Amino acid sequence: QVQLQESGPGLVKPSQTLSLTCTVSGGSITTNWYYWGWIRQPPGKGLEYIGYIGYSGGTNYSPSLKSRTSISRDTSKNQFTLQLSSVTPEDTAVYYCVRDGGDYYVDFWGKGTLVTVSS
């Protein structure tokens with residue numbers, strides 16, 4: 001059973017960079033055909049797919065966030081990391097790391113972590 005666990009600061013100041021790490025157990029992030037992504041949900045709003053890093057290391061980002069987003073990985077630790085720069089209060093959300101089986105079919109979710117952007 002694949003398990004994902006988010007970690008990182010729960011409070012980030014405006015204009016700073018939000019950084020979250022997802023640790024994966026029960027499966028390798030280099031396994032063919034799987035993608036490892038980040039999804040967020042602002043308070044009272046719907047889910048937004050931020051982007052993913054694939055089994056071969058390729059990345060894909062939401063057009064609306066692409067200029068501020070970077071997803072990387074550490075295969076030795078079986079982890080992948082989200083960095084979102086120049087954050088504003090509108091980036092306040094619960095952030096989830098997920099496994100995507102392709103075509104945005106998400107089959108495993110982390111529990112989610114609330115990140116608040118505030119001074």
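Visitor: Is strand β4 (residues 35–41) largely enclosed or left open by the rest of the structure?
Guide: Largely enclosed, because five of the seven residues of β4 are buried. Buried means under 20% relative accessible area, exposed over 50%, partly exposed in between, with a 1.4 Å probe and protein chains only. Strands (E, at least two residues) and helices (H or I, at least four) are DSSP runs, numbered from the N terminus.

Visitor: What should I know about the model itself?
Guide: This is a predicted model: local features need pLDDT of at least 70, side-chain atom pairs count only at pLDDT 80 or more, and totals for chains, interfaces and linings use all residues. Residues are numbered from 1 along each chain as its sequence is written, and side-chain values use heavy atoms, with hydrogens and water left out.

Visitor: Back to β4. How many bridges join β4 to strand β5?
Guide: Six, and β4 and β5 (residues 48–54) run antiparallel. Two strands pair if DSSP finds at least two bridges between them. G37 faces Y52 of β5. The two strands make a hairpin with six residues between them. In that turn, G44 has a positive phi of about 75 degrees.

Visitor: And how many bridges join β4 to β9?
Guide: Seven, again with an antiparallel run. Within β9, W38 has C97 as its bridge partner.

Visitor: C97 is a cysteine. Which residue does a disulfide join to C97?
Guide: C22, at 2.2 Å from S to S. The cut-off for a disulfide is a pair of cysteine sulfur atoms within 2.5 Å. The structure holds one such link. The link of C22 and C97 is right-handed, with 65 degrees about the S-S bond. This pair links distant parts of the chain: C22 sits in strand β3 (residues 18–25) and C97 in strand β9 (residues 93–100), 75 residues apart.

Visitor: Are C22 and C97 buried or exposed?
Guide: C22 counts as buried, at 0% relative accessibility. C97 is buried too, also at 0%.

Visitor: Switching topic. What order do the strands of the open sheet take?
Guide: Four strands, in the order β1-β3-β8-β7, with antiparallel pairing. β1 (3–7) and β7 (69–74) stand at the edges. Each has a single partner strand, so one side of each is left without a neighbour in the sheet. The twist averages 20 degrees from one strand to the next. Axes here are lines fitted to C-alpha atoms, for helices over the stretch in contact, and angles run from 0 to 180 degrees between N-to-C directions.

Visitor: How many bridges join β7 to β8?
Guide: Six, antiparallel. S70 has Q83 in β8 as its bridge partner.

Visitor: Where does T81 lie?
Guide: In strand β8 (residues 79–84). T81 is buried, at 18% relative accessible area. Its side chain makes a polar contact with the side chain of T21, at 3.2 Å. A polar contact is a pair of N or O atoms within 3.5 Å; within protein, one must be able to donate a hydrogen and the other to accept it, and residues adjacent in sequence count only if both atoms are side-chain atoms.

Visitor: Which residues does T81 touch?
Guide: Not counting residues up to four places away in sequence, T81 touches S19, L20, T21, W38, S70, I71 and S72. Contact means heavy atoms within 4.5 Å.

Visitor: How many residues has the largest nonpolar core?
Guide: It has 25. A nonpolar core is a set of buried Ala, Val, Leu, Ile, Met, Phe, Trp, Tyr and Cys residues joined through side-chain atoms within 4.5 Å. Those with the most contacts inside the largest one are L4, L18, V24, W36, W38, F80 and Y95. The largest share, four residues, comes from β3. A second, separate core of six residues includes I39, Y49, Y52 and V106.

Visitor: Is Y52 buried or exposed?
Guide: Y52 counts as buried, at 17% relative accessibility. Y52 and W38 are 14 residues apart in sequence, and 6.3 Å apart in space, C-alpha to C-alpha.

Visitor: Last one. Which phi value does S15 have?
Guide: A positive one, about 80 degrees, although S15 is not a glycine. S15 is in the loop between β2 (11–12) and β3, and counts as exposed at 59% relative accessibility. D103 also has a positive phi, near 55 degrees. D103 is in the loop between β9 and β10 (106–109), exposed at 78%.
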